[in-house]
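Please view the sequence and the model together, and then consult the points below.

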Amino acid sequence: MADTTVPKALEALALSKTKELKGTEKRDTLVEIEKRYQQQWEEEGVFEVDAPSTADIPLDAMSAAELREKYPKFFGTIAYPYMNGRLHAGHAFSFSKIEFHTGFARMQGKRCLFPLGYHCTGLPIKASADKLVKEVEMFGRDFERYKEEDEVEAAPVAAKGPRDDLSKFNAKKGKAAAKTVKAKYQFQILHSVGIPLEEIHLFADPQYWLQFFPPECKKDLTNFGARIDWRRQFVTTDANPYYDAFVRWQMNRLKELNKIKFGKRYTIYSIKDGQPCMDHDRSEGEGVLPQEYTALKLKVIEWAPEAAETLKGKIPEDVSVFLVPATLRPETMYGQTCCFVGPSLTYGIFKASEKEYFVITDRAAKNMAYQGIFAQEGVIEKVADIQGSELIGTLINAPLSFHPQVRVLPMDSVLATKGTGVVTSVPSDSPDDFAMVTELAKKAEFYGIQKEWAELEIFPIIQTPTSDLLAPYLVKKLKISSPKDAKQLQEAKELAYKEGFYQGVLKVGDFKGEKVEVAKPKVREQLIKAGQAFAYSEPENKVVSRSGDECSVALMDQWYIDYGEESWREIAHEYVENKEGTGLNTYSPDTQHAFKGVIDWLRQWACARTYGLGSKLPWDPHFLVESLSDSTVYMAYYTIAHWLHKDLFGRELGKGNVAPEQMIDEVWDYIFCRTELTDDVLAQSKIPKETLESMRREFQYFYPLDLRVSGKDLIPNHLTFCLYNHIALFPREYWPQSIRANGHLQLNGEKMSKSTGNFMTLDDVVKKYGADAARVALADAGDGITDSNFVEDVADNTILRFYNNKEWIEEMAKNDQLRTGELNSFQDALFDNEMNSLVNEAKKQYEETSYKLALKAGHYDFLNARDSYREACNAGGIALHKDLVFKYIRLQALVLCPIAPHWAEYIWREVLGEPTSIQFARFPELPAADPALTAAREYVRATSSSVNSAEAAQLKKMAKGKLSNFDPKKPKKLTVFLTESFPAWQTKYIDLLSEVWDAATTSQKIDDKELNGRIAKMGEMKKAMPFVQGLKRRLRDGESVEVVFSRKLAFDEKTTLLAMIPGLKRAAGLEVVQVIAVQEGNKKGKDLTNNGEEVDVSSPLADQALPGDPSFVFENV
């Protein structure tokens, strides 16, 4: 029997920083309800939806647009998850956005399609399986030979420097990064997600991953209550012959459209894997692209003595040796004054050809070896090593420079991980270079150089609006005194580059007078043609493949998609711009800006590889379609998947009884509305016309995709590719309508991380809190493109709220003491109106996909409104009204249905006794809130709060010895002063606001700054500002202009205050409440609690009363 003892290193993977629950009885009650309805929904096929059939409405009876208008629909998707592990809470966050939208759209009467497939293409699964093969060999089938001492500490990740090209969008965290876990061995990773040690060996077969994880994914989402049509699920790769045929069609058509091309291009490359390493193939460096440089050839004229000694006899005498700096600014080479090396770095002398040798780092040589630079592809021939310090003083030739010969000088900040380790110096335009040569000239002896080497004249090269010696100017302006002033130098570098490139004009050379952005490629070409430079590329930042190989850049013959094609890019840009409102809805300016940025820089993308899982490239079958190229238009496949197959792998024929080989390219063209049906297609495919028409109907009804939700990290690749491919392959009518990018999900305010224990899978979350509580916490987490926060306390508190609300609802439903008859004008009227207001507010927020705010209105505020109504009725000594209680129950179920469907279903069916699922119910249509009642309700809340504040203020004064006639422990009396007339000083501010207010748009015609300035000039700023703000708030809340500007309250303040007395007594523990109506400057008032009897008014607080804002005095009785 295998030893199942878990080693300590594996135990550590299970440690958790998440919240510990204490009692689970209430949760278990709610979970039992969830399981019951999940089973019922599946049995009833509640989420299975089809297009109107061609039998009911023939295919050509109306246009697709007319069909969608007659039978409204919603089609939403998320990026199908990658099947190398369980879904985590971050996945659930993206899922929830489509979930909530689908739930609400169903309640709008739409046919809602939310399907899901499983992404298996690419390197990750195959690489992980291959690792397991080796680990089984090392440790045994059940890893019984694994010992803790086999662990080695992982190498630290190199710090990333500032990006060279600041215009490119950069996602900080991505889908590939999310697939990693901090463990040395693959079996540890699998064990950390709950797979028993004795089963892990099965995953050495990559196909087993496809069998194991998709059902787990479905189970997790079913337990979550997802409204997914599971008939349409599938796996990618050639494991499903139908999807394989779909991908072949896509690639064939893109090639015919000349979108796929073949040629040499730079690509991130894994030497170990022997193929390009694309985003989803990486364990580190997702989104990193090749950075192309101009590599200069600085010929050695005379070696420094130490270098000559070290290299003696190692380099043939009849060859040329070059130091090779890599630069992004070839147009500045006229200003070279020296060349920098890192004194502590080790350089190699590499043979580039029979007559040329290069001085560069090993890393640079690794890149050059696969870019056609060295004599033999992939062969690195090093003849010697040399320390950077030994190169100091070497005399070299500087192409284009006013100083034909310059020296090699030291620079400690030169990195071996960036460029070639050799840096040419242009102090006229590089702040770093100017700071360094200044330092060298000052401390020549310290650095072991001759002072004159660092004092060559600095010539103006580029004229900018600021200066023709921009680097010296910026160093002086930013008070940079040393090369160690890294922060200021980075700022100076960015300023110099942007101004020099975008606003600079070349002052010297063959292209004198031309703008830098125009001259730059010309100077580069001139250098290369003269043999003084060559093109060189390397990764922008560190990239590590899933096989553990640090990647380089190779110049390869490759199949690639030309996303940089001008006309294609222009269409994509125009669609994202959405100026006429007929393009792509991105929900936020940040998302739109990110898309536009990617479209601006995106060019060629390798679409094929030789290793991994996937579909074969139809015309070159030893290549596989890479994972970000077979996942761009698969949303179209969802529309007909259930017609093709019943199972994940396409082994069981679907509704259409169509075999995979019948799905020829021309069939896909017809289904996707690219062509019309011909006799040739019918004859070749042997698919009945009725079946083809039915499949076309499914596509043309559910397409276009209404909403795509994904993490913002997919904007630089998958989401942008999705747009491009739809534009190329489908008529405009079928392009995606909207894409919503959400931020990443934090857990309890911290980054989710398995290594720190702050991590939860979706299964963890649902088992711990139940589906509805988890969904509420996800809705509460946030809605923007910035990172959101899943707070476990929210989920935990939701359990209590749902359980208690369920108990109260059940109790009320059986209560035969509830009041009936007409609604009263105070408690009932205010509650009824507030429910209408909150339901309409929740509807508005659902429509705007602001689920946090929808939850606030439809749950938190709804509960508060109910509680306020209960308290008001209790204080008034009356029972709750039956009609309003049942209205509350019904509305609470309906408004929560998109977010918490299980709880809502229970209330709907088991309390209200509805015969059909709430999933088929419509969102409630209610009258708009009555502004007068809304104002009265706000008045009640504000006044109740003010009473508490007034008592606290009076006690504070008493504590300071300012008052001595009030003891809060003795029986208390509250006197409330109200007035019907506004102070005279307010008139001019009402006139001002009346002048600048636009009633049609309920907004002011001038901005706040101008309005505040005008108020300030009128005097009384301190009291005028809150007064004007109060008026604006009333106008925005829906009160009419006439009521507000005529200085009338929208409600009867006297009646409302008198009705509040029982509640005030109860809340503040008062014996007596007296309400006195006063007038400004009058020492008499009317006691409204005593039939309007005239009374003397002596309190100075009486004059502070304003209409709608009474004042208060406490005393003892």
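Apart from its neighbours within four places in sequence, Ile 664 is in contact with Gln 684 and Ser 685 in this predicted model. Ile 664 belongs to the loop that lies between helix H22 (641-644) and helix H23 (665-671). Between Ile 664 and Trp 249 there are 7.7 Å in space, C-alpha to C-alpha, although the two residues are 415 residues apart in sequence.

**Confidence of the model**

- The protein has a mean pLDDT of 90, and a pLDDT of 70 or more is reached by 95% of its residues.
- In residues 1-14 the pLDDT is below 50, and this stretch has 18 contacts in the model beyond near neighbours in sequence.
- The pLDDT is also below 50 over residues 151-181, a stretch with 64 contacts in the model beyond near neighbours in sequence.

**Annotated domain**

- An unreviewed UniProt entry carries the annotation "domain: Aminoacyl-tRNA synthetase class Ia", which covers residues 66-134 and 215-788.

**The four-stranded sheet**

- Four strands make up an open sheet with parallel pairing, and their order is S2-S1-S25-S26.
- Strand S2 (111-113) and strand S26 (739-742) are the edge strands, each of which pairs on one side only.
- On average, neighbouring strands of this sheet are turned by 20° against each other, direction ignored.
- Strand S1 (residues 73-78) runs parallel to strand S25 (residues 707-711), and three bridges join the two.
- Val 709 in S25 stands opposite Ile 78.
- Helix H4 (residues 89-107) lies across S1, S2, S25 and S26, and the direction of H4 is at about 175° to S1.

**The five-stranded sheet**

- Another open sheet is formed by five strands in the order S35-S34-S33-S30-S36, with mixed pairing.
- Strand S35 (1093-1096) and strand S36 (1111-1116) stand at the edges with a single partner strand each, so one side of each has no neighbour in the sheet.
- From one strand to the next, the twist averages 35°.
- Three bridges pair strand S33 (residues 1072-1078) with strand S34 (residues 1084-1087) in the antiparallel sense.
- Gly 1085 in S34 is the bridge partner of Val 1078.
- Helix H34 (residues 931-959) packs on this sheet, where H34 touches strand S30 (972-979) and S36.
- The direction of H34 makes about 55° with that of S36.

**A packed pair of helices**

- Two packed helices are described by the angle between their axes and the distance between the axes.
- Helix H20 (residues 589-601) packs with helix H26 (residues 715-729) at an angle of about 80°, and their axes are 10 Å apart.
- H20 and H26 are therefore roughly perpendicular to each other.
- On the H20 side, the contact is made by Thr 591, Ala 594, Phe 595, Val 598, Ile 599 and Trp 601.
- On the H26 side, the contact is made by Ile 715, Pro 716, Leu 719, Thr 720, Leu 723 and Tyr 724.
- Of the residues in the contact of H20 with H26, 10 are nonpolar, two are polar and none is charged.

Technical notes:
Residues are numbered from 1 along each chain as its sequence is written. This is a predicted model: local features need pLDDT of at least 70, side-chain atom pairs count only at pLDDT 80 or more; totals for chains, interfaces and linings use all residues. Side-chain values use heavy atoms; hydrogens and water are left out. UniProt positions are given in the numbering used here, feature names are shortened, and annotations may be inferred rather than shown by experiment. Axes are lines fitted to C-alpha atoms, for helices over the stretch in contact, and angles run from 0 to 180 degrees between N-to-C directions. Angles under 35 degrees count as roughly parallel, over 145 as roughly antiparallel, 65 to 115 as roughly perpendicular and the rest as oblique. Contact means heavy atoms within 4.5 Å. Ala, Val, Leu, Ile, Met, Phe, Trp, Tyr, Cys and Pro count as nonpolar, Asp, Glu, Lys and Arg as charged, and the others, Gly among them, as polar. Two strands pair if DSSP finds at least two bridges between them. pLDDT is the predictor's confidence in each residue, from 0 to 100.
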